[in-house]
Amino acid sequence: MPISHSFTNQIRIPENNDWVVFILIGCLFLYIFMMNVIEREANLKDFLLQKYFDSSNNLPSWIITSCVITLSLAVLISQYVPVVPEYAAKLQILGYQMNKFGYCLTAVSLFYFIRTALGFLFYQSIGDGKKWSIFYFTSTKFHFVLSILVIILCITHYYFPIDRNEAFLYYFWFFMFVFIFKVFFYLFHRNNILPQKWYYKFLYICTLQIAPLLMLWKLLFI
């Protein structure tokens, strides 16, 4: 009588992360273009230590940096979004449905767009519109460094054997530290990018930093 054998399939199907490579390479090309063309072949040190009155082409650099930080954050966060909400999953563009990355990219893009628009209106409403350009010039430097760190986290997350559930806690505390550091960075920066009066500073931090972040958290994870 033949003896039955049980076989276990040892073949592991690797996760296809080609889309991550394409996005991160695209981000790096954007930065190469920015540093070589827009910033006129500036090196990293000169770019980060650049003074506002010695700078040029601030708006294109700010737009490129915003695009890179949005893309890289969406790549990293998309792995932790539980599900795509029903209202978003039902949307179809050219026959394609929104996946987790698309949903995160849309949410993070709206987050930055709305916060930027409200920030511009805030500075205009308090009669300090001239400081807005200094603000986004300084913000560009901060988000440039942050985007490089997020790109490194994306590479580690997708291409190294880490416990992703455990890593989520490290990501959470990392971004909490970044948020607190950013608040003090804005408060005490030598460019004085926040309004002079303390209650305007408090209003900016609460309404344009904390509130939008809580809204984004609820949109993605709750």
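## Annotated transmembrane regions

UniProt positions are given here in the numbering of this structure, with shortened feature names, and annotations may be inferred rather than shown by experiment. The unreviewed UniProt entry lists "transmembrane region" for residues 20-38, 59-81, 101-123, 144-162, 168-188 and 200-220. The model is predicted: local features need pLDDT of at least 70, side-chain atom pairs count only at pLDDT 80 or more, and totals for chains, interfaces and linings use all residues. Residues are numbered from 1 along each chain as its sequence is written, and side-chain values use heavy atoms, leaving out hydrogens and water.

Helices are DSSP runs of H or I of at least four residues, and strands are runs of E of at least two, numbered from the N terminus. Residues 168-188 are 100% helix and 0% strand, with end C-alpha atoms 30 Å apart.

## Nonpolar cores

A nonpolar core is a set of buried (under 20% relative accessible area, 1.4 Å probe, protein chains only) Ala, Val, Leu, Ile, Met, Phe, Trp, Tyr and Cys residues joined through side-chain atoms within 4.5 Å. The largest comprises 41 residues, and M34, V75, V150 and L220 have the most contacts inside it. At least two residues of this core come from each of α1 (18-38), α3, α5 (100-125), α6, α7 (164-188) and α8 (198-221). Another core, of 16 residues, lies apart from it and includes W132, F135, Y136 and I205.

Beyond its neighbours within four places in sequence, L220 is in contact (heavy atoms within 4.5 Å) with I77, V81, P82, Y103, C104 and A107.

Definitions and conventions
Buried < 20%, exposed > 50% of the residue type's maximum accessible area, 1.4 Å probe, protein only.
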